[in-house]
Amino acid sequence: MTTPATRRTVLLASGAVALTVACGSEEGGTGTPSDTTEGAGTPGQELVPVADVPVGGGTVLGAQEIVVTQPEAGEFKAFSAICTHQRCLVSEVADGTINCPCHGSRFRIADGSVERGPATRPLPEERITVDGNTVRRA
Ligand code: FES
């Protein structure tokens, strides 16, 4: 014997579907095109401790939509974390590139240029300063 769906169970089920759609993948919340404004942020905003940015690598700051890299020891760069192909949030920095999970584009950590498409435009550079042990927006 089955119980007919009540209004409450129907609402709960539709809410679960809405949450699934809104959250997308659980793998770091990446792979979803971003619709927020590029370059948003306040000058002086603390981004990341320098110790959290590996030499020859970088750190994706998803909430700030920025990726901070350290191509050489003591040299810090930052780029938009929004892929220039179809605006997915990049997901990782590995082997000298910033990688987009959606279609596989890769961008060089030193200058944001495209190493592998389908993206054709570089990641826009973001202005940062290093203040003691902290990377901040400039
Ligand atoms: S959105 Fe990044 S590769 Fe397509």
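User: Which residue stands opposite Arg106, and in which strand?

Analyst: Arg106 faces Arg116, which belongs to S8. The model is predicted: local features need pLDDT of at least 70, side-chain atom pairs count only at pLDDT 80 or more, and totals for chains, interfaces and linings use all residues. Residues are numbered from 1 along each chain as its sequence is written, and side-chain values use heavy atoms, with hydrogens and water left out.

User: What makes S7 and S8 paired strands?

Analyst: Two strands pair if DSSP finds at least two bridges between them. Strand S7 (residues 106-108) and S8 are joined by two bridges and run antiparallel, so they pair under that definition. Strands themselves are DSSP runs of E with at least two residues, and helices are runs of H or I with at least four, numbered from the N terminus.

User: Why are S5 and S8 called edges of the sheet?

Analyst: The open sheet has four strands in the order S5-S6-S7-S8, with antiparallel pairing. Strand S5 (92-94) and S8 each have a single partner strand, so one side of each has no neighbour in the sheet.

User: How do you know that Cys88 and Cys102 form a disulfide?

Analyst: A disulfide is a pair of cysteine sulfur atoms within 2.5 Å. The sulfur atoms of Cys88 and Cys102 are 1.9 Å apart, and the pair forms a disulfide. A search of the whole structure finds one disulfide.

User: Why is this disulfide called left-handed?

Analyst: The torsion about the S-S bond of Cys88 and Cys102 is about -90°, so the disulfide is left-handed. The pair links distant parts of the chain, 14 residues apart: Cys88 is in the loop between strand S4 (75-80) and S5, while Cys102 is in the loop between strand S6 (97-99) and S7.

User: Are Cys88 and Cys102 buried or partly exposed?

Analyst: Buried means under 20% relative accessible area, exposed over 50%, and partly exposed in between (1.4 Å probe, protein chains only). Cys88 has 3%, so this residue is buried. Cys102 has 24%, so this residue counts as partly exposed.

User: Which residues have the most contacts inside the largest nonpolar core?

Analyst: They are Cys83, Val90, Ile98 and Phe107, in a core of 15 residues. A nonpolar core is a set of buried Ala, Val, Leu, Ile, Met, Phe, Trp, Tyr and Cys residues joined through side-chain atoms within 4.5 Å. Cys83 is buried at a relative accessible area of 3%. Leaving aside neighbours within four places in sequence, Cys83 is in contact (heavy atoms within 4.5 Å) with residues including Cys88, Cys100 and Leu123.

User: What makes Arg137 and Glu126 a salt bridge?

Analyst: A salt bridge is a side-chain nitrogen of Lys or Arg within 4 Å of a carboxyl oxygen of Asp or Glu. The N to O distance for Arg137 and Glu126 is 3.6 Å, and their side chains meet in a salt bridge. Arg137 lies in strand S10 (residues 134-137) and Glu126 in the loop between strand S8 (114-116) and strand S9 (128-131), so the pair ties together parts 11 residues apart in sequence. Arg137 is buried at 7%, and Glu126 counts as buried at 13%.

User: How many salt bridges does the structure hold?

Analyst: It holds three. Among them, Glu115 pairs with Arg108, with the closest N and O atoms 3.8 Å apart. Asp131 forms a salt bridge with Arg136, where the closest N and O atoms are 2.9 Å apart.
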